[in-house]
Amino acid sequence: MNSDDTKLGALLRESRVSPALPPRFQENVWRRIEANAVPAKSDSWLDALAALVLRPRFAYATIIALVMAGALLGAHQGAQLAKQDAQARYVALVAPNALR
Amino acid sequence: MNRSLIVVLGTLALSAAVFAGSYFIGQRAGVIYCANPADDLSWLRTEFHLNDAEMARVRQLHESYLPQCARMCTLIAAKKAEIRAALASGTNVTADAQGKLTELGEFRAQCQGQMLRHFIAVSQAMPPEQGRRYLAEMEKITLGSHEEIEQSMSDHPGHEHGTN
């Protein structure tokens with residue numbers, strides 16, 4: 001190989017155009033990978049359930065539902081307790097135990 | 001124990017803990033938000049939806065009733081102490097103890113009458129429908145327990161009251 005060939009090779013390498021990636025290329029690649037991903041076959045219903053609860057979307061939804069249900073039920077119960085307490089205080093004032 | 005079982009059991013335990021924690025916090029918040037320990041009449045306002053004018057009238061009735069109620073309570077407590085002293089001295093119900101029991105019954109009847117008159121006055125200071133509800137509730141609380149006791153006594157075989 002003579003020096004002209006070497007120069008020519010270097011020139012060709014420099015002139016190679018590397019096209020710019022389209023916008024959101026990486027995100028689209030991952031989306032296609034996820035879309036084509038085949039879910040792992042579960043061996044039993046327990047494995048399927050475990051796989052389900054480990055899904056972040058399912059886990060977040062469940063936690064939110066549990067927190068809301070617990071808080072609402074607790075608040076309702078708390079309001080009932082406060083009402084019973086207020087009623088007991090009033091009754092104790094106006095109707096002594098000796099008469100009841 | 002396989003991994004899936006551990007995951008499912010762990011998830012159940014975590015879910016129970018999250019629910020219990022939320023329930024407890026919600027309950028405390030509900031009690032704190034709804035309770036008004038400074039006002040003994042707060043139950044009337046919330047339960048019977050009373051406005052400020054109705055509450056002022058009810059409060060006035062309540063304040064005037066309390067000294068009467070306290071006086072009757074003092075009389076009843078004193079009479080009960082007398083009965084205990086009369087019964088402590090012997091094994092029989094003496095004529096004196098029987099007389100005091102009768103007086104105690106009269107005091108209780110007077111007190112109940114006074115109490116019912118107060119409930120009626122309070123019910124009349126409320127809107128008609130709420131007043132009826134209040135009166136029914138108070139009669140149930142104050143007189144209902146006697147009915148339960150009497151009912152339980154008549155339920156016992158060979159212990160019928162008021163039957164021939």
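This is a predicted model: local features need pLDDT of at least 70, side-chain atom pairs count only at pLDDT 80 or more; totals for chains, interfaces and linings use all residues.

Me: What percentage of the residues in chain A count as buried?

Reply: For chain A it's 11% of the 100 residues. In chain B, buried residues make up 16% of the 164 residues.

Me: Okay, now the contact between the chains. How many residues of chain A are in contact with chain B?

Reply: 37 residues of chain A are in contact with 38 residues of chain B. On the chain A side, the elements giving two or more residues are H3 and helix H4 (56–94).

Me: Which of them gives the most?

Reply: That's H4(A), with 26 residues on the side of chain A that touches chain B. By class, that side has 25 nonpolar, seven polar and five charged residues.

Me: So how does H4(A) sit against H1(B)? What's the angle?

Reply: They cross at roughly 35 degrees, and their axes come within 6 Å. H4(A) passes H1(B) in a right-handed crossing. The contact of these two helices has 19 nonpolar, eleven polar and two charged residues.

Me: And H3(A) with H1(B), at what angle do they pack?

Reply: Helix H3 (residues 45–53) of chain A packs with helix H1 (residues 3–34) of chain B at an angle of about 50 degrees, and the axes are 8 Å apart. H3(A) and H1(B) are therefore oblique to each other. The crossing of H3(A) past H1(B) is left-handed.

Me: Which residues of H3(A) and H1(B) meet there?

Reply: From H3(A) you have Leu46(A), Asp47(A), Leu49(A), Ala50(A) and Val53(A). They meet Ser4(B), Leu5(B), Val7(B), Val8(B) and Thr11(B) in H1(B). That contact divides into seven nonpolar residues, two polar and one charged.

Me: What does Gln27(B) touch?

Reply: Not counting residues up to four places away in sequence, Gln27(B) touches Gly74(A), Ala75(A), Gln77(A) and Gly78(A).

Me: New topic: the largest nonpolar core. Which residues touch the most other members?

Reply: Leu44(B) and Val58(B) do, out of the 20 residues in that core. Elements giving two or more residues to this core are H4 of chain A, together with helix H2 (42–47), helix H3 (52–88), helix H4 (95–124) and helix H5 (128–155) of chain B.

Me: Which element has the largest share of this core?

Reply: H4(B), which gives five residues.

Me: And what is Leu44(B) in contact with?

Reply: Leaving aside its neighbours within four places in sequence, Leu44(B) is in contact with Tyr90(A), Leu50(B) and Val58(B).

Me: How do H3(B) and H4(B) pack, at what angle?

Reply: At about 170 degrees, with their axes 9 Å apart. That makes H3(B) roughly antiparallel to H4(B). By class, their contact has 16 nonpolar, four polar and seven charged residues.

Me: In chain B, what share of the contacts between residues at least 6 apart in sequence join residues at least 24 apart?

Reply: 48% of them do.

Me: Last one, Gln130(B). Where is it found?

Reply: Gln130(B) is in helix H5 of chain B. With 17 C-beta neighbours inside 10 Å, Gln130(B) counts as partly exposed.

Me: What is Gln130(B) in contact with?

Reply: Phe48(B) and His49(B), leaving aside neighbours within four places in sequence. The C-alpha atoms of Gln130(B) and Leu50(B) are separated by 8.7 Å, while the two residues are 80 residues apart along the chain.

Conventions: Residues are numbered from 1 along each chain as its sequence is written. Chains are lettered from A and ligands numbered from 1 in the order in which they are written. Axes are lines fitted to C-alpha atoms, for helices over the stretch in contact, and angles run from 0 to 180 degrees between N-to-C directions. Helices (H or I, at least four residues) and strands (E, at least two) are DSSP runs, numbered from the N terminus. Angles under 35 degrees count as roughly parallel, over 145 as roughly antiparallel, 65 to 115 as roughly perpendicular and the rest as oblique. A crossing is left-handed if the near helix is turned anticlockwise from the far one by less than a right angle, and right-handed if clockwise. Two residues are in contact if their C-beta atoms, placed from the backbone, lie within 7 Å. Ala, Val, Leu, Ile, Met, Phe, Trp, Tyr, Cys and Pro count as nonpolar, Asp, Glu, Lys and Arg as charged, and the others, Gly among them, as polar. A residue is buried if 20 or more other C-beta atoms lie within 10 Å of its own, exposed if 12 or fewer, and partly exposed in between; C-beta atoms are placed from the backbone. A nonpolar core is a set of buried Ala, Val, Leu, Ile, Met, Phe, Trp, Tyr and Cys residues joined through C-beta atoms within 7 Å.
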